[in-house]
Amino acid sequence: MDFEKSKQRLRGCYVTIPTLFKDDKVLSLNLAGIQAHVRFLLEGGLNHENAVFLAGGAAGDFSTMTFEERINVVNAVVEAVEGQVPVAMGAQTTSTAELRRLSKAAQDVGADYIQVSCPFYFHHTEQDFYEYVLVAADASDISIIVYNTFWTSTGVSLGLVNRLVEIPNVVGLKWSTLDPNWMTFEQVIKTFAHRLCVIDNQMQFVASHLLGARGFEVHVCNYWPQWGGTLIKSLNQQDYREVQNMLLKAAQPFMRLWMKIEQEYTGGDGYLDKLCMELVGLPSSRSRPPTRDIRERYRKEARRMLIEAGVPKVKR
């Protein structure tokens, strides 16, 4: 594996592909729907120069799927992409043994990366997590994106990043921090952007791009891929006023509605992406329980948000 080449390919919009389900009793996988959605993203202008697709991430319901389902989902995405966009597989798990299997399986089906975060439930030490990442690297030659999920598990410190970058497989860092006052977010990007691809998961795109970040976590692409292409073009042209205006007009309202749903109705990820997809005429579904179905309760509010943001083809 050419890890240097892998680092260079990791750039642009980091788009989590929502996992779609059939409307049956067990909400079985709708693989055809997932592949249709991937084709929509490609037809909307996302490609290897401005995007990476994440299959089976948090917004892809990884926590509600079996091991076999997770592999089936990433395989479906890899098939639909046909090499036009790099593909990462969400490999979060509480089991080191399962992580080893996920690492190998992801490589076997043709994924380019796995996304790995510290195991949740127990409060693991940094050494626990470091050895955990070593297992993933030992299991296959696939490239690894380390994900700092400080809200569910042990956070990643600057010192730990300094150790992780020495593992050849580690080519990316999906990055956000708990406390902005200490400027750890900026410090890590500035320190390590020349050694790996930093993916901004904090929506501080102007600041992070100035400091060297090359990846940008966005939900808007799932129902408006052209927006993502324009975002990356504007960042590359250093048109930072335009970038900030785009975030305020389209991304902030999405995040505000998502926060409202989390506070008053249900928890999870990806459910609002899927509702927005439905509202522009794409294949969609609810998320699996324990996340509750938001569609009827929030459809009018989501439609209004999309129209005000200027999203094309919104169903009236």
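Predicted model: local features only at pLDDT ≥ 70, side-chain atom pairs only at ≥ 80, totals over all residues.
Counting Lys or Arg nitrogens within 4 Å of Asp or Glu carboxyl oxygens, you get twelve salt bridges here. We'll visit some of them.

**Stop one: inside helix H1.** Select glutamate 4 and lysine 7. Their side chains meet in a salt bridge, with 3.1 Å from N to O. Both residues sit in helix H1, which covers residues 3–9, and they are three residues apart, about one turn of the helix.

**Stop two: from helix H1 to a loop.** Aspartate 112 belongs to the loop between helix H4 (96–108) and strand E4 (113–117), so the pair ties together parts that are 103 residues apart in sequence. Arginine 9 is partly exposed at 28%, and aspartate 112 is partly exposed at 21%.

**Stop three: loop to loop.** Next, select glutamate 166 and arginine 195. The closest N and O atoms of this salt bridge are 2.8 Å apart. Glutamate 166 is in the loop between helix H6 and strand E6, and arginine 195 is in the loop between helix H7 and strand E7, so the bridge links parts 29 residues apart in sequence. Arginine 195 is partly exposed, at 29%.

**Last stop: a network.** Finally, show Glu278, Glu296 and Arg299 together. Salt bridges with shared partners join these residues into one network.

Technical notes:
Residues numbered from 1 in each chain as written. Heavy atoms only, no water. Helix = DSSP H or I, 4+ residues; strand = E, 2+ residues; numbered from the N terminus. Buried < 20%, exposed > 50% of the residue type's maximum accessible area, 1.4 Å probe, protein only.
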